[in-house]
Amino acid sequence: MAMAEISLEIEDLHAQVDGNVILNGVSLAVPGGEVHALMGPNGSGKSTLANVLLGNPAYEITKGRIRFQGEDITGLSPGDRAARGLFLGFQHPEEIPGVSVFSFLRQAMAIRKGIDNFSVLEVRLKIMEWTKRLGMDNRFTERYLNEGFSGGERKRNEILQMALLEPAFAILDETDSGLDIDALKAVGDGIAEVRKDRADLGILVITHYQRMLDYLAPDVVHVLVDGRVVATGGPELAKQVERDGFDAFRSETPVGT
Ligand SMILES: Nc1ncnc2c1ncn2[C@@H]1O[C@H](COP(=O)(O)OP(=O)(O)OP(=O)(O)O)[C@@H](O)[C@H]1O
Ligand SMILES: [Mg+2]
């Protein structure tokens, strides 16, 4: 069997925010169809990497590049990246007052597909199909986006967005934060459900927990410490992190912390 083509490739990425250097040469590559997990201690730069990948202008890339499906996207706007099929689920998704989940999804689908002639009916049918497949209550989509959503609802909503937008690549940041065990399983199962239809979908999941990885069964695990990937391996690497913590991966353990 031929090796899957690299979908997302990050090369020696250095980035800073407000003059603080956060990423110190991140390199990793995710082939289409694979799930890679990115683990790392608090403050190691995981969310920064997610933001940089999506082109958040608050983060300045000082060196390195990002390639997506063979194209250098380092300088592209977030909108242009999204249009190419890059999807980011945020750690703390924003509330958007007065916008229902339904109308948000309809708009987002139109942007992703480059057309805005989805009929309300088509969108409704697609949403109904996916809320069912993801085990969600369909009435959920009439609510305002993220307003009063529980942590679990926010995350399920994020997976629903991923299912409907049919991205080529998804970056999911901390999908397990604040989730109870049932919600964690629902999100894990939801990602698996989306993958059933999408053999070529690449996913980079940022997580702290082995438990999430039990559901996702990542192909590859990367460990990020101090803005650098310090280890890459199979699922056993996540088990090692769970057992030994991140200190084992630090080149110098800070004294007195
Ligand atoms: N806008 C900003 N201004 C200043 N410092 C920032 C900014 N954004 C991030 N940082 C700093 O960058 C470092 C990395 O933060 P980041 O959110 O990427 O960590 P993380 O690995 O996602 O952590 P966590 O596991 O807690 O989510 C932190 O020290 C953080 O304070
Ligand atoms: Mg984070």
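How much of helix 1 is buried, and is the helix enclosed or open to the outside? In this predicted model, 7 of the 9 residues of helix 1 are buried, so the helix is largely enclosed by the rest of the structure. The legends below take up this helix and other parts of the model in turn.

Because the model is predicted, local features are given at pLDDT of at least 70 and side-chain atom pairs count only at pLDDT 80 or more, while totals for chains, interfaces and linings use all residues. Residues are numbered from 1 along each chain as its sequence is written, and chains are lettered from A and ligands numbered from 1 in the order in which they are written. Helices (H or I, at least four residues) and strands (E, at least two) are DSSP runs, numbered from the N terminus.

**Figure 1. Overview of the protein, with 8 helices and 10 strands.** Of its 257 residues, 36% count as buried; a residue is buried if 20 or more other C-beta atoms lie within 10 Å of its own, exposed if 12 or fewer, and partly exposed in between, with C-beta atoms placed from the backbone. Among the contacts with a separation of 6 or more, 73% are accounted for by residues 24 or more positions apart, a contact being a pair of residues whose C-beta atoms, placed from the backbone, lie within 7 Å.

Figure 2. The buried residues of helix 1 are Lys46, Thr48, Leu49, Ala50, Asn51, Val52 and Leu53. Glycine 55, which follows helix 1, has a positive phi near 85 degrees.

**Figure 3. The shell of residues around ligand 1.** Asn42, Gly43, Lys46, Ser47 and Thr48 come nearest among the 14 residues around ligand 1, where a residue is near a molecule or strand if its C-beta atom, placed from the backbone, lies within 6 Å of it. Strand 2 (20–31) and helix 1 (46–54) each supply at least two residues of the shell, and the largest share, 3 residues, comes from helix 1. By class, the shell has 3 nonpolar, 8 polar and 3 charged residues; Ala, Val, Leu, Ile, Met, Phe, Trp, Tyr, Cys and Pro count as nonpolar, Asp, Glu, Lys and Arg as charged, and the others, Gly among them, as polar.

**Figure 4. The open antiparallel sheet, with strand order 2-1-4-5.** This sheet is formed by 4 strands, and two strands pair if DSSP finds at least two bridges between them. Strand 2 and strand 5 (71–72) stand at the edges with a single partner strand each, so one side of each is left without a neighbour in the sheet. Strand 1 (residues 6–17) and strand 4 (residues 60–68) are joined in the antiparallel sense over 7 bridges, with isoleucine 10 opposite isoleucine 66 in strand 4. Strand 4 pairs with strand 5 over 2 bridges, again in the antiparallel sense, and arginine 67 stands opposite aspartate 72 in strand 5. The hairpin of strand 4 and strand 5 has 2 residues between the strands, and glutamine 69 takes a positive phi near 50 degrees there.

**Figure 5. Strand 8 and its parallel partners, strand 3 and strand 7.** In strand 8 (residues 202–206), 5 of its 5 residues are buried: Gly202, Leu204 and Ile206 point one way, whereas Ile203 and Val205 point the other way. Strand 3 is joined to strand 8 by 4 bridges, and valine 35 has isoleucine 203 of strand 8 as its bridge partner. Strand 7 (residues 169–173) is joined to strand 8 by 5 bridges, with isoleucine 171 opposite leucine 204 in strand 8.

**Figure 6. Helix 8 (residues 236–244) and its buried residues Leu237, Ala238 and Val241.** Seen down the helix axis, these buried residues fall within an arc of 100 degrees, so they line one face of helix 8; the arc is that of the directions from the helix axis to the C-beta atoms. The cover over the buried residues includes strand 3 (35–39), helix 7 (210–216), strand 9 (220–225) and strand 10 (228–233), while the face turned away from the buried side carries the exposed residues Glu236, Arg243 and Asp244. Glycine 245 follows helix 8 and has a positive phi near 75 degrees.

Conventions:
Contact = placed C-beta atoms within 7 Å.
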